[in-house]
There are 2 protein chains.
Amino acid sequence: MDQKTVLAVDVGGTKIAAGLVGADGRAGRHAETPTPATEPLLVRAMRDLLTSVLAGTPISAVGLASAGPLDMPRGTVSPVNIPAWRDFPLVELASEIVPGVPVTLVGDGIAAAVGEHWLGAGRGATSMLGIVVSTGIGGGLVLNGTPYPGPSGNAGHIGHAVVDPGGPTCSCGGAGCVEAYASGPSMVRWAQEQGWTGADARALADDAARNHPIALAAFDRGTQALAQGIVATAAVCDLDRVVIGGGVSAAGQTLFGPLRDHVKRLATLGFVQRLTVEPFALGRQAGLLGAARTALLAS
Amino acid sequence: MDQKTVLAVDVGGTKIAAGLVGADGRAGRHAETPTPATEPLLVRAMRDLLTSVLAGTPISAVGLASAGPLDMPRGTVSPVNIPAWRDFPLVELASEIVPGVPVTLVGDGIAAAVGEHWLGAGRGATSMLGIVVSTGIGGGLVLNGTPYPGPSGNAGHIGHAVVDPGGPTCSCGGAGCVEAYASGPSMVRWAQEQGWTGADARALADDAARNHPIALAAFDRGTQALAQGIVATAAVCDLDRVVIGGGVSAAGQTLFGPLRDHVKRLATLGFVQRLTVEPFALGRQAGLLGAARTALLAS
C-alpha cells in the first residue's frame with residue numbers, strides 16, 4: 001500500500017469495524033468487534049481493534065465514522081445506541097491510540113453517503129443524498145461533489161424530517177417523522193397493529209414479496225413517507241441522485257418499487273424529476289470507505 | 001466607485017430592477033420598470049433599463065437574478081409569471097446589451113438569500129436558508145458561508161416541499177406543498193373558505209393583528225406548514241439560521257410569532273434547536289444585492 005493509506009473506523013451500536021484503506025479505495029486488513037455496552041470495555045475494544053488492524057502499518061490519517069448525534073467541531077459523540085458514551089471525546093481517544101496523524105470525525109450517515117459517492121452507486125452524481133434505512137433512518141449529503149457534514153456535523157438527518165405533525169410519535173421526541181413511518185421497526189409496528197403476526201422487518205419484506213396485503217400496505221405507507229422526505233430534500237438541495245442502503249434496503253424491489261412510484265408521483269417540479277433512486281452498491285462497507293475518504297480528503 | 005463595480009439586475013413578474021453595486025455593497029445608480037407582458041416589449045425594457053443604469057460606467061461583471069424556474073448551466077429562464085419567456089436566453093441577452101464582461105445568473109430566491117447573508121439578517125451565519133413569502137414561496141441556501149445554487153440552479157425551493165400529500169392542490173401541479181398553505185393567496189383562500197370576507201394578504205394580516213379568529217387561524221395554519229418545511233430543511237442541511245422576507249413577511253409579529261412557536265415545537269433534535277428565524281433586513285433590495293454579490297464572487 002502506498003503512503004496515503006488511512007485507518008478507517010466505523011462505530012455503531014452493534015459493532016465497531018476498522019480497516020486500512022488506500023488512496024485508491026483498495027481495502028487492506030479489516031476487523032470488527034461487537035460494541036460493548038459499558039466502560040471500560042468500550043475504550044478497551046477500540047484500543048484492541050485499532051491496534052490489531054494497524055499492526056505497525058504506517059498511515060497518514062485516521063478517519064472515524066460514528067453513530068450520532070455528534071459534535072464535529074468538538075470531536076465528541078453521543079450515539080443514541082451507545083448510552084455509555086455521552087459527549088465522549090472519540091477524536092481524542094483515537095489520537096491517543098494512534099498518535100501523530102490527523103483524525104477526522106463524521107457521522108455514520110454522511111460516511112455511508114461519501115463512500116457510495118466515491119466508489120458505489122453515487123459515482124458521478126453532483127449532488128446526492130445517501131440514506132440508511134435500518135432500525136433508525138440516517139443519511140448524509142454530498143453537494144457539488146463534496147461531502148457536506150454541515151456546521152455541527154449533523155447534516156443529512158432526513159429520518160427526522162416531519163411528514164405529518166399529527167403522525168405517530170418518534171424516537172426523537174417529536175411526531176410524524178420519516179423514521180416513525182419508514183424505519184424497519186416502524187413498519188413492523190404498524191403492520192402488527194393491522195393484525196400482521198410476523199416478528200421483524202425481514203419477515204415483513206418476505207411477506208410483502210408474497211403479496212401479503214398488510215405487508216404490502218406497510219411498505220407502501222413507509223415508502224410514501226420516505227418519498228415525501230426525499231422529494232422535499234431534492235427540491236431544497238437540487239439533488240440528482242438518492243442512494244439507499246441499510247438493513248431494510250435488502251428488501252430490494254419490495255422497497256424500491258413503491259418508493260420510486262411515490263417519488264415519481266410527488267416530484268412535480270421539472271428539476272426534481274431528474275432525480276434517480278438507487279440501492280447502495282457497497283453494502284455495509286460504505287461507512288468504512290466513507291470514513292477513509294473523509295480522512296484522505298482532509299490529509 | 002472602484003473598478004469592481006458590477007451591474008445587478010433582478011427580473012420579476014411585476015418589475016425589473018437594475019442597479020450599480022460596489023464591491024463593498026454600496027449601491028449606486030438604480031432604476032426599475034414594470035415587467036411588460038409580451039415581446040418585443042420585454043427585451044426592449046431590459047435594453048432600456050440596463051443601458052440607462054449603466055450610462056457608460058465601467059463595470060467588471062453583470063449579475064442577473066431571475067424568477068424561476070431557470071436552467072443555470074444553459075443560462076435560460078422560464079419564469080412562471082412571465083409566460084412570454086420560456087427557456088429564454090437571459091444570459092445571452094445581457095451579454096449582448098453589456099458586451100465584454102462575465103454574466104452570472106441565479107434564481108431570485110437564492111439571490112435574496114445571498115444578499116441577506118452578505119449585508120443583512122444572515123450576516124455571520126454559516127449555513128442558512130432565505131425564504132421569500134409572497135404570492136409564491138421561494139428560497140435559497142447559503143451553505144458553509146457560500147451560495148449553494150445546486151447543479152441546476154434551483155436549490156432552495158422550500159415552497160414545494162410537501163407537508164401533506166393529501167393537502168390542497170398547488171400551483172406546481174402537486175398537492176400539500178408549503179406554498180399551498182403559507183403563501184399570501186393560499187392563506188387568503190383558506191380564510192375566505194372559513195367565512196372571512198377580506199380581499200388580500202395585507203387585510204388578513206391586519207385582521208390577525210386585531211385578533212380576528214379566522215385570520216389568526218389562517219396564519220397559524222400557514223406558519224405550521226412553513227415551520228414543518230423549515231425544520232425538515234434544518235435537519236437535513238444542519239442550518240443555523242433562517243431569514244424570511246417577501247410581502248407576507250411585512251405582517252411582522254403576526255407571521256413571526258406563530259412561526260417561531262411552531263419551529264420551536266417541531267425542532268426536537270439538539271442541533272436543530274440552535275436555529276434562529278429572523279426577518280429580512282434589506283427588504284426588496286436583497287435580491288439585487290445578492291445578484292451583485294454572486295457576480296462579484298465569480299469575477
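1. Contact here requires C-beta atoms, placed from the backbone, within 7 Å. Gly68(B) sits in the loop between strand S4 (61–66) and strand S5 (70–71) of chain B; helices (H or I, at least four residues) and strands (E, at least two) are DSSP runs numbered from the N terminus. Gly68(B) counts as buried because it has 25 C-beta neighbours inside 10 Å. The cut-offs are 20 or more other C-beta atoms within 10 Å for buried, 12 or fewer for exposed, and partly exposed in between. Its C-alpha atom is 9.8 Å from that of His157(B), 89 residues away along the chain.

2. A word on provenance: this is a predicted model, where local features need pLDDT of at least 70 and side-chain atom pairs count only at pLDDT 80 or more, while totals for chains, interfaces and linings use all residues. Residues are numbered from 1 along each chain as its sequence is written, with chains lettered from A and ligands numbered from 1 in the order in which they are written.

3. The largest nonpolar core has 218 residues, and Leu64(A), Val231(A), Leu64(B) and Val231(B) have the most contacts inside it. Such a core is a set of buried Ala, Val, Leu, Ile, Met, Phe, Trp, Tyr and Cys residues joined through C-beta atoms within 7 Å. Beyond four places in sequence, Leu64(B) touches residues including Val9(B), Val11(B), Leu90(B) and Ala291(B).

4. Next, a helix pair in chain B. Helix H7 (residues 213–237) and helix H8 (residues 253–266) of chain B pack at about 45 degrees, with axes 8 Å apart. Axes are lines fitted to C-alpha atoms, for helices over the stretch in contact, and angles run from 0 to 180 degrees between N-to-C directions. That angle makes H7(B) oblique to H8(B); under 35 degrees is roughly parallel, over 145 roughly antiparallel, 65 to 115 roughly perpendicular, and the rest oblique. Among the residues making this contact are Phe219(B) and Val231(B) of H7(B), and Leu255(B) and His262(B) of H8(B).

5. Helix H3 (residues 108–119) and helix H9 (residues 286–298) of chain A pack at about 85 degrees, their axes 6 Å apart. H3(A) is therefore roughly perpendicular to H9(A). Their contact includes Ala111(A) and Trp118(A) of H3(A), together with Gly290(A) and Arg293(A) of H9(A).

Terms used: Two residues are in contact if their C-beta atoms, placed from the backbone, lie within 7 Å.
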